[in-house]
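Please look through the structure below before reading on, and keep it in view while you follow the explanation.

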Amino acid sequence: MRLRGGNYIQRLVGGDYYALNDIYETFRSPFIAYSRKSLNLSVDDAADLFQEACVCILQNVRNGKITRLENAQLGAYLMTTGRLLNANRVRKRGIETVEIGRTGEPVADDGDDSAEREEMLKIIRDVVENIPNPCSTLLTLQYFQMKRQAEIAQIMGYESADSVKTMVSRCKGKARVIARQKLRELGYED
Amino acid sequence: MKIDNTELDRLIEDAVVENAAKKQLMDMEIRLREKEKAKKQRRRRSMWIAGGICTAAAAAVVAAVVLPFREKSAVPGATLAVKVSPDSDSTDVKKDTAVSAGDRAKAACRSYIASIESYRSDYGFEEEIGRAIALLKEGKPADALAALQKTEQAVDSRLAAMEGDDDDSFAEMTRLENLKEDIEWYMALALLSSGDIDAARPLLEKVKESEGEHSADARDILDEVYGDR
């Protein structure tokens, strides 16, 4: 198994989210082969599950649940995550709430609160996904690609980094308003 | 439940990252699938070049031989006969049907066997498979089959022994699973070479369903020999 470019988790911790591509390329085939055999999934379902497992790892890095993990351990970690995601999928019909602890062990689902929170996050994801440009691009450049605001100004043709800062703040405000409205409509907020 | 603006901002940032990550991974999946497809096409092209004359001969044999099946409409191969030789005169072809379905299978798989490069033979099972392939290429399909069956049993035993292991055995299990797919493909070729098309069929179907490295080739042989669509 060829491992590419440094420690993946350290790269993710440092904000290099393109490490996900390397993780994906390195572990995809063995993960799919394993899922097909052990979880009895089709190639397409196994690929979907693998993508979710990768995103789950990213979430855990972002919220500080994983800070260190050797590349060689990542395959087993992804597989454990995939197995739990799949079990959650079956149990909850589409609501994924897998939590993995610092040591790579799954953390027990702590009941209704986390399920409700996951539901809310799902709603917010929909809001963000449908937010129009330039906000969509701006927020992606700022929070996913981790570009500096001066760089974003150059890419998107804004006058200065300050203009980008103002625009990002406005876009977040806009997303906030739409998200609150949706959450209220669906009974998550009074 | 009420969330304050700071928490909502954090959720929005999380959602931005997750959506972008999903999109990036989806693009990656598409790229990898395209790469795999191109690789398969390259392999198949080289296979046809290697098989060259053999394949042409096999196609001619298939066209001529499957025609008797047309009269028995339920027999696989009837469709293929129409596809391969739509304009041929059935009475002329009927006169020339001395070749059995088994011979047809032998002809069809000859090019695949010819194109097998030397098998990676680092150690253990791979070496056994390499030896079986050599036998197959030497025209000893029965010996090759026996060797492959023996290796498959050994791989199965190793896999069974690993069943209870923890996740650390993941890479090794994956390697063995991939080896099993290879073994099944070569067993199918050995059976086809012996003319035992009934025994080869379930193996070919399994290889086709695996969507692995040999899946497209298995599909082609099923199409060629059994007239599967």
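Predicted model: local features only at pLDDT ≥ 70, side-chain atom pairs only at ≥ 80, totals over all residues.

**Where the two chains meet**

On the side of chain B that touches chain A, at least two residues each come from helix 1, which covers 5-65, helix 8, which covers 170-193, and helix 9, which covers 197-210. Of these, helix 1 of chain B gives the most, with 27 residues. Sorted by class, this side of chain B holds 17 nonpolar, six polar and 19 charged residues.

The size of an interface is often given as the accessible area lost when the parts come together. For chain B and chain A, the area buried between them is about 4,400 Å², and carbon and sulfur atoms give 60% of that area. In terms of residues, 42 of chain B are in contact with 48 of chain A.

**Charged pairs between and within the chains**

Over all chains, the count comes to 18 salt bridges, and seven salt bridges are found across the interface of chain B and chain A. One of the salt bridges is formed by B:Glu18 and A:Arg125, whose closest N and O atoms are 2.6 Å apart. B:Glu18 lies in helix 1 of chain B and A:Arg125 in helix 5 of chain A, residues 112-130, so this pair joins two chains. Are the two partners buried or exposed? B:Glu18 is buried, with a relative accessible area of 4%, and A:Arg125 also counts as buried, at 10% relative accessibility.

Another salt bridge links B:Glu13 with A:Lys172, with 2.7 Å between the closest N and O atoms. This pair, too, crosses between chains, running from B:Glu13 in helix 1 of chain B to A:Lys172 in helix 8 of chain A, which spans residues 161-185. A:Lys172 is buried, its relative accessible area being 10%.

If you now turn to B:Glu29, you will find that it forms a salt bridge with A:Arg28, the closest N and O atoms being 2.8 Å apart. These two residues belong to a network of salt bridges that links A:Arg28, A:Asp44, B:Glu29 and B:Arg33.

A further salt bridge is formed by B:Asp156 and B:Lys180, with their closest N and O atoms 2.8 Å apart. B:Asp156 lies in helix 7 of chain B, residues 141-162, and B:Lys180 lies in helix 8 of chain B, so the pair ties together parts that are 24 residues apart in sequence. B:Asp156 is partly exposed, with a relative accessible area of 32%, whereas B:Lys180 counts as buried at 14% relative accessibility.

Conventions. Residues numbered from 1 in each chain as written. Chains lettered and ligands numbered in written order. Heavy atoms only, no water. Contact = heavy atoms within 4.5 Å. Buried area = accessible area lost by both parts, 1.4 Å probe. Salt bridge = Lys/Arg side-chain N within 4 Å of Asp/Glu carboxyl O. Helix = DSSP H or I, 4+ residues; strand = E, 2+ residues; numbered from the N terminus. Nonpolar A, V, L, I, M, F, W, Y, C, P; charged D, E, K, R; others polar. Buried < 20%, exposed > 50% of the residue type's maximum accessible area, 1.4 Å probe, protein only.
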